[in-house]
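The following exercises concern the geometry and packing of a single chain. Please inspect the sequence and the coordinates before working through the solutions.

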Amino acid sequence: MKFRCTFLSAAAGLGLVLAPALFTSEAYAAFCYNDGSRFNEWKKVIKKEYRGKFKASTLKKLDQVNYSTRVIKLDRNNKKSFKGTFESFYKRRSAGVAPLARKKIKQYKQYFDKAERDFGVPAELIAAIWGLETAFGTYKGKPLPILESVATLAYDCRRSESLFFPEFIAALTVIDNGYIDLHTARGAWAGEIGQTQFLASRYLQARTDYDGGGVDVFNSAPDVIGSTAKWFAVNGWQPGADYSEGTANFQVIMKWNRATLYQKTIPKLAKEISG
Ligand SMILES: [Ca+2]
């Protein structure tokens, strides 16, 4: 079975969940550049401004973080992956996913059942997302260090204001809490975390441990299932209700990803999976 899967999620931009009060930031207001020339200066401003708000050891990680021209290049090219008709997009993205999704639902039945009990989110929806995002964790791409990606995008002018500055702060929060060392952990170019590609703010909202041993959305399928279900629940999912286009649950699906083609793909694929 062949997947033509690329990382989809945060690439198209997301609805934000902001941690209030942190974003009256001077660095946020004063700094954005379209090349790396003032990146070191920017990091200094961040470190000064967030001293005391984050542990010294967390802020120290920034010393080894570099401006990534690769991330910027990928960001600028991203729109191309969302071109074309829905039919061609759907065909390309969903190829091979449904049969494997059904297998995963069987294999991890107890966790999908638990997710449905805990959060009211049906297995086929979680499996659709999981398949689309990383082909059930098998698609690795060429992952980049997560903190470096989000720091670069937070500093960059194009989207810092709307999206990546808050994600950068969320990433520092993830590190500060000792959840994941995002300085070394790797993800897609927009700094996504784990097999369903959570941005840091979403990870903080959704992290769920379904198999003990702490939350591991990189390696644990049960944790991926639980955390993804929880994300939908905290974003307003209505248990047992329809999720076709035009429903309240489709509104929640729209928050998962801003790209219309992707939004339409999710319920269609979920229904294909559930047959
Ligand atoms: Ca776990």
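**Exercise 1: a loop with positive phi**

Determine whether Phe-136 is buried or exposed, and describe the backbone around this residue.

Solution. Phe-136 has 22 other C-beta atoms within 10 Å and is therefore buried; the cut-offs are 20 or more such atoms for buried, 12 or fewer for exposed, and partly exposed in between, with C-beta atoms placed from the backbone. The model is predicted, so local features require pLDDT of at least 70 and side-chain atom pairs count only at pLDDT 80 or more, whereas totals for chains, interfaces and linings use all residues. Residues are numbered from 1 along each chain as its sequence is written.

Although Phe-136 is not a glycine, its phi is positive, about 60°.

Then examine Ala-135, which is in the loop between helix H8 (123-134) and strand E1 (144-145). Its phi is also positive, near 50°, in a residue other than glycine. Ala-135 counts as buried because it has 20 C-beta neighbours inside 10 Å.

**Exercise 2: a helix crossing**

Characterise how H5 and H14 cross.

Solution. The axes of helix H5 (residues 86-94) and helix H14 (residues 260-274) come within 10 Å and cross at roughly 55°; axes are lines fitted to C-alpha atoms, for helices over the stretch in contact, and angles run from 0 to 180 degrees between N-to-C directions. The two helices are therefore oblique to each other, a class left after roughly parallel (under 35 degrees), roughly antiparallel (over 145) and roughly perpendicular (65 to 115).

On the H5 side, the contact (C-beta atoms within 7 Å, placed from the backbone) includes Phe-86, Phe-89 and Tyr-90. On the H14 side, Leu-261, Lys-264 and Glu-272 are among the residues involved.

**Exercise 3: a buried aspartate**

Which residues does Asp-75 contact, leaving aside neighbours within four places in sequence?

Solution. Asp-75 counts as buried because 20 C-beta neighbours lie inside 10 Å. With neighbours within four places in sequence left aside, its contacts are Leu-153, Arg-158 and Trp-189. Finally, the C-alpha atoms of Asp-75 and Ala-190 are separated by 7.7 Å, although these residues are 115 residues apart along the chain.

Definitions and conventions:
Helices (H or I, at least four residues) and strands (E, at least two) are DSSP runs, numbered from the N terminus. Two residues are in contact if their C-beta atoms, placed from the backbone, lie within 7 Å.
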